[in-house]
Amino acid sequence: MGEKIKRHKEPRTGHFEKDADGILTGTVRDTHEIKFDEPTDLPVGAGDDEYPSPVDYMFASLVGCQISVLNQALKKARVDDFQITADA
C-alpha cells in the first residue's frame with residue numbers, strides 16, 4: 001500500500017545547564033549541542049543576545065516541522081520543482 005513510516009528508536013532526551021555567564025547549554029539526544037541566551041532588551045533576566053533565545057528555537061522548530069512535512073508531501077505527490085520559504 002503506502003510507505004512504512006520510519007520512527008526514531010531512541011527517546012527524545014536532553015540535558016541542560018546554565019554556566020556562570022548565564023548561557024544555557026543543552027545536549028539533545030546525547031548528540032547535538034545547542035546554546036540559549038536572552039535578548040538584551042528584556043526588563044528582567046536580560047542576556048547578551050549571543051545565542052538564539054528559547055523563543056527563537058521554538059519558532060525555528062515550528063517552521064522546520066511544517067517545512068519538513070510539506071517537503072515530504074510534495075515529494076510523495078511527485079512534485080519535483082518547488083521552493084519553500086518561511087517567515088516568522
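## Asp37 and the loop between E3 and H1

Asp37 is located in the loop between E3 and H1; helices (H or I, at least four residues) and strands (E, at least two) are DSSP runs, numbered from the N terminus. This is a predicted model, in which local features need pLDDT of at least 70 and side-chain atom pairs count only at pLDDT 80 or more, while totals for chains, interfaces and linings use all residues. Residues are numbered from 1 along each chain as its sequence is written, and side-chain values use heavy atoms, with hydrogens and water left out.

Asp37 is buried and yet has no salt bridge. Buried means under 20% relative accessible area, exposed means over 50%, and partly exposed is in between (1.4 Å probe, protein chains only). A salt bridge is a side-chain nitrogen of Lys or Arg within 4 Å of a carboxyl oxygen of Asp or Glu. For Asp37, the nearest side chain of opposite charge is Lys18, 7.9 Å away. Lys and Arg count as positive and Asp and Glu as negative, with His and the chain ends not counted.

What does the side chain of Asp37 reach at 3.1 Å? It reaches the backbone nitrogen of Asp48. A polar atom of the Asp37 side chain also lies 2.9 Å from the backbone nitrogen of Glu50. A polar contact is a pair of N or O atoms within 3.5 Å; within protein, one must be able to donate a hydrogen and the other to accept it, and residues adjacent in sequence count only if both atoms are side-chain atoms.

## Overall layout

The protein has one helix and three strands, and the pattern along the sequence is β-β-β-α. Strand E1 spans 14-18 and strand E2 spans 24-28, while strand E3 covers 32-36 and helix H1 covers 54-76. Of the 88 residues in the protein, 8% are buried.

## The negative patch

Glu17, Asp19, Asp21, Asp41, Asp48, Asp49, Glu50 and Asp56 form a negative surface patch. Patches are made of residues with over 30% relative accessible area and no salt bridge; like charges are joined within 9 Å, and nonpolar side chains (Val, Leu, Ile, Met, Phe, Trp, Tyr) within 5 Å. The place of a charge is taken as NZ of Lys, CZ of Arg, CG of Asp or CD of Glu.

Glu50, one of the patch residues, sits in the loop between E3 and H1 and is exposed, with a relative accessible area of 51%. Asp49 is partly exposed, at a relative accessible area of 47%.

## The nonpolar patch

On the surface, Val55, Met58, Phe59 and Leu62 form a nonpolar patch with about 370 Å² of accessible area together. Accessible areas come from the Shrake-Rupley method with a 1.4 Å probe; for residues, only the protein chains shown count as cover. Phe59 is part of helix H1. The relative accessible area of Phe59 is 40%, so this residue is partly exposed.

## Positive phi values

Most residues other than glycine have a negative phi, and most peptide bonds are trans. Which value does phi of Asp49 take? Phi of Asp49 is near 60 degrees, a positive value in a residue other than glycine. Phi of Arg78 is also positive, near 60 degrees. Arg78 lies in the segment after H1 and counts as exposed, because its relative accessibility is 73%.

## Pairs apart in sequence

Ile23 lies in the loop between E1 and E2 and is buried, with a relative accessible area of 6%. Ile23 and Asp48 are 25 residues apart along the chain, and their C-alpha atoms are separated by 9.0 Å. Gly45, in the loop between E3 and H1, is exposed at a relative accessible area of 57%. Gly45 and Gly22 are 23 residues apart in sequence, with 9.2 Å from C-alpha to C-alpha.

Gln66 lies in helix H1 and counts as exposed at 57% relative accessibility; Gln66 and Ala86 are 20 residues apart in sequence and 9.5 Å apart in space, C-alpha to C-alpha. Ala60 is also in helix H1 and is partly exposed, with a relative accessible area of 48%.
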